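Thanks, everyone. Have the structure open while I talk.

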Amino acid sequence: MKLIGLTGGISTGKSTVSSLLAKQGLPIIDADKIAREIVEPGRKANQLIRQHFGDEVFLPDGYLDRPKLGQIIFQDPEKRQILNRCTHPYVRWEMAKQAFLYWLKGADVVIFDVPLLIESKLDRFMSTTVVVYCSDILQLQRLRKRDNLTEEQALQRMKSQMPISEKVEKADIVLDNSSDMKQLEIQVKNMVKKIKPSVFTWLFEYAGPPMGIALLSLFVKQYASVLLNIIVDSVASLK
């Protein structure tokens, strides 16, 4: 199974690309979605955040006050690292579980949609790293419009991440989201053609392990009694 890492900068269009890939039937492991789920009330990450940041970053119903927490971590790199330590282990564990389930189902490709793919060094485990790019000016404009931020607030959020130019240098495939949706869709379709393994490769390299496990289970179930009798007879002959 090929692991494809999808990343980009804030407001460069990574989520849009992820949606386009999902429409083409590719399985997506969404780190942002997982990160929201693992901090829900009652979860361990939720408790750790409360221990480190206090009750003031929580709403009365126990859910995170995301805007308030965002103000804190985007202004203080050290506190951002603390938050990452509270959440990243649980995010990675859930991502690994989902990937394993897709592998068992015989998926040929899985997309890891991870904003901090390169920063967290998860790109080392990917077959291909895809970066969604746009210019800094366009990124700033999109971010301000999307989140209704001042220029200072938007720049602060952009600076909290690795510069998009550095991510581009580490990419195997770059999708330029500086134009319109039609151009982006064309790039995504071309990318899918590149990353999809051939049927031969899928059968012998990616589907092989799940199929092997299934065949082994069937063999054991079918011949368990026969094997047991052989073992019993062998032990008896040694007496």
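Start with H3 and H5, which are roughly antiparallel to each other. Keep in mind that this is a predicted model. Which residues make that contact? On the H3 side we have Lys 44, Ala 45, Leu 48, Ile 49, His 52 and Phe 53. On the H5 side we have Lys 79, Ile 82, Leu 83, Cys 86, Thr 87 and Tyr 90. Sort the H3–H5 contact by class, and you get 8 nonpolar, 2 polar and 2 charged residues.

Now the geometry. H3 covers residues 44-53. Its axis and that of H5 come within 9 Å, and they cross at roughly 165°. Angles over 145 degrees count as roughly antiparallel, so that is the label H3 and H5 get. The crossing of H3 past H5 is right-handed.

Stay on H5, and bring in its other partner here, H4. H4 runs over residues 66-75, and H5 over residues 77-104. Their axes are 5 Å apart, and the packing angle is about 120°. What does that make the pair? The roughly perpendicular range is 65 to 115 degrees, and H4 and H5 are therefore oblique to each other.

Who touches whom? From H4, it is Leu 69, Ile 72, Ile 73, Phe 74 and Gln 75. From H5, it is Pro 77, Lys 79, Arg 80 and Leu 83. That H4–H5 contact splits into 6 nonpolar, 1 polar and 2 charged residues. Look at Lys 79 and Leu 83 of H5: they are in the contact with H4, and they are also in the contact with H3.

Next pair: H1 and H9. H1 is residues 14-23, and H9 is residues 181-195. Their axes sit 10 Å apart, at an angle of about 55°. H1 and H9 are therefore oblique to each other. H1 passes H9 in a right-handed crossing.

For the contact itself, H1 brings Thr 16, Val 17, Leu 20 and Leu 21. H9 answers with Met 181, Leu 184, Glu 185, Val 188, Met 191 and Val 192. By class, the H1–H9 contact has 8 nonpolar residues, 1 polar and 1 charged.

Last, the rings. How many aromatic pairs does the model have? The count is 1. There is also a charge over a ring. Which one? It is Arg 50, whose charged end sits over the ring of Phe 58. The distance to the ring centre is 3.9 Å.

That's my tour. Over to you.

Terms used: Residues are numbered from 1 along each chain as its sequence is written. This is a predicted model: local features need pLDDT of at least 70, side-chain atom pairs count only at pLDDT 80 or more; totals for chains, interfaces and linings use all residues. Side-chain values use heavy atoms; hydrogens and water are left out. Rings of Phe, Tyr and Trp (its six-membered ring) pair if their centres lie within 6.5 Å; planes under 30 degrees apart count as stacked, over 60 as edge-to-face and the rest as tilted. A charge sits over a ring if NZ of Lys or CZ of Arg is within 6 Å of the ring centre and within 35 degrees of the ring normal. Axes are lines fitted to C-alpha atoms, for helices over the stretch in contact, and angles run from 0 to 180 degrees between N-to-C directions. Helices (H or I, at least four residues) and strands (E, at least two) are DSSP runs, numbered from the N terminus. Angles under 35 degrees count as roughly parallel, over 145 as roughly antiparallel, 65 to 115 as roughly perpendicular and the rest as oblique. A crossing is left-handed if the near helix is turned anticlockwise from the far one by less than a right angle, and right-handed if clockwise. Contact means heavy atoms within 4.5 Å. Ala, Val, Leu, Ile, Met, Phe, Trp, Tyr, Cys and Pro count as nonpolar, Asp, Glu, Lys and Arg as charged, and the others, Gly among them, as polar.
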